[in-house]
Amino acid sequence: MQQPTETLVRRLAQAAIIGASLAPALVYLATGYSGARQLVLDDANTQRIRATSVISQGPDTWMYVSERLADQIEQVRHKSSHTEIIDAQGVMVLELGQECDTSACISESAPLLDFGKRVGTLTVKFDLTPMLSLALAIGLGGLAIGILLLSLLDRHVIRRLEKIREANLELAFYDPLTGLPNRRLLLDRLDHAVVASKRSGEYGAVMILDLDNFKVLNDSQGHDAGDRLLIAVGQRIRLFLRQEDTVSRLGGDEFVIIVESLGGSETYAAARAEAVAEKIRRSFVQPFAVSSAADAYHTTPSIGVTLFRGTDVSIDALLKQADVALYQAKDAGRDSIRFFNPEMQAAIDYRANLEMALRKGLEQGEFQLYYQPKVDVDGAITGAEALLRWRPRGRPQVSPAHFIPLAEESGLIVQIGNWVLDTACAQLKSWESGPFGHLTISINVSTRQFMQDDFVDQICRSILKHNINPARLQLELTESVVADKIDLIIDRMQRIRRLGIGFSLDDFGTGYSSLTYLKKLPLDLIKIDQSFVRDLMTDPNDAAIVTAIIAMSRSLGFDVIAEGVETESQRDFLKESGCLNYQGYLFGKPMPIGEFVQQALQRQTPSAPLSTTGKRVQERRPCTVNDKGL
């Protein structure tokens, strides 16, 4: 819709074109009239001065007139009431004895003298009719040209500009895929809704809807199918909203819904908002047609809802609250609706503050490696697992269960993992010439860190930097690391193993264990998860699982170590079952390096320099950064 200012400008432009078209006629008319008027006055004045006689006796005589008229006279006609003087073009240039008899002329009178005696009156007049006709013709022609120009301007300029303007408005305020309002228009409408709610005293609601597992559709059927789903979802949501409500696409698979005028009671407004959200959620039971070649696609939504009334909460805060509720809906198992509450916000704020502190802690060196001993069947320490600890300055130590998942989500785990790798290599170097030169150190590697393109180069850099024997370093992978892209994982593991570094599979039995991929992996060691060891002596199922893991590992040629060993009876059972390596509180908890060294000195240590608990590295290649042959 055009704005009043734009309409006024357009009208002024049209008036300017019409005025410019009529200007030549008006100029001609004004200058012609002025010139004619001046000629009449000149003739009359000249006649006053020079008229000294009047000849009226004969038909061929005429009065004395100015020299200008004398040069133009072609014919003199005497009539009963007046005398006409005609020029060569047949136009009467002078009329005697009669006033101007038409409104389309101008005239001026002068006395006729006979040797100074007034004997009559001379009337000088100029007929304006030809000039007016010509001016009218010029004006009509100019008007026609102006209308033509306006038509051409409207067709080729104004309409084109309007289309460009409409297209710009679409780009500026509407999502190009779904045609729904985009973030800019959403914020404007939400601002109006908040102001209106303050004026009316009624509650409104902001909802954020996110499609569950949308990435699966994109990956399986392509982005075109994903785009068609987004369009269909936007259309379906609008079916359950009123004219005054708004549905917007923020981006990706997120939609924001503004529902206004829900009533003055918070309880009633919440019930109405939930009813709207539930109708939308239930509508997803009907599948969406996203491809002519495939069956209809089923998906579910997760919806976060927050209420507002007045301007006590900012627009950004409202969207943040709805987003917090959305994540609660996701955590609740998806395909659900959740309302925002302060406890949710507190949890989100804690997470945000923890992430900031985590970054700061990485910069300021607040992390420390603790070492938990690994022992053989004789109780001699064969190595240690390096476990990360975070001790923020001036605050209590943060549990790894809290900050490790956050580091994974935020991507900080890559930087932290590189620090762990470098620190462990430095520790191995410090042991090289002492009594612990045979000990190994194992470090945990996250999925995100392992999948970095430069991970192998990072290992080489640390090995070269500290000049260590790579056989003393072990990498512990969880089943989640090796569960996806198995061929890529195996290739990368083989490249690393050729450096002399060993691999162990951590927490075996708790994830997606598969003998199919297990027999392909270049592993050295299987770690039995502590959840099976904990109830080993009381739960026959756990005992059976542990026995099976030991037998299977030995048959595949893997060494086995049990985690979480806390009692002698657990150790004895494991020993009898064929597991000869242990880790747990029975032999030592995770401890700073100083305590670990003191405990290691008290135990007898083996002398054979093994790369893992039972395998020597064969055909170890020198480490070279960016070695494409690895």
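Author: Residues count from 1 along each chain as its sequence is written. In this predicted model, local features need pLDDT of at least 70 and side-chain atom pairs count only at pLDDT 80 or more, while totals for chains, interfaces and linings use all residues; side-chain values use heavy atoms, leaving out hydrogens and water.

Reader: Why is T299 called buried?

Author: Buried means under 20% relative accessible area, exposed over 50%, and partly exposed in between, with a 1.4 Å probe and protein chains only. T299 has 6%, so the residue is buried.

Reader: Which residues is T299 in contact with, beyond its neighbours within four places in sequence?

Author: They are L211, D212, L229, F284 and F288, where contact means heavy atoms within 4.5 Å.

Reader: What makes E355 and R359 a salt bridge?

Author: The term asks for a side-chain nitrogen of Lys or Arg within 4 Å of a carboxyl oxygen of Asp or Glu. In this pair the closest N and O atoms are 3.2 Å apart. By this rule the count comes to 19 salt bridges.

Reader: Is E355 buried or partly exposed, and which is R359?

Author: E355 has 19% relative accessibility, so E355 counts as buried. R359 has 36%, so R359 counts as partly exposed.

Reader: How do you know that K374 and E476 form a salt bridge?

Author: Their closest N and O atoms lie 3.4 Å apart.
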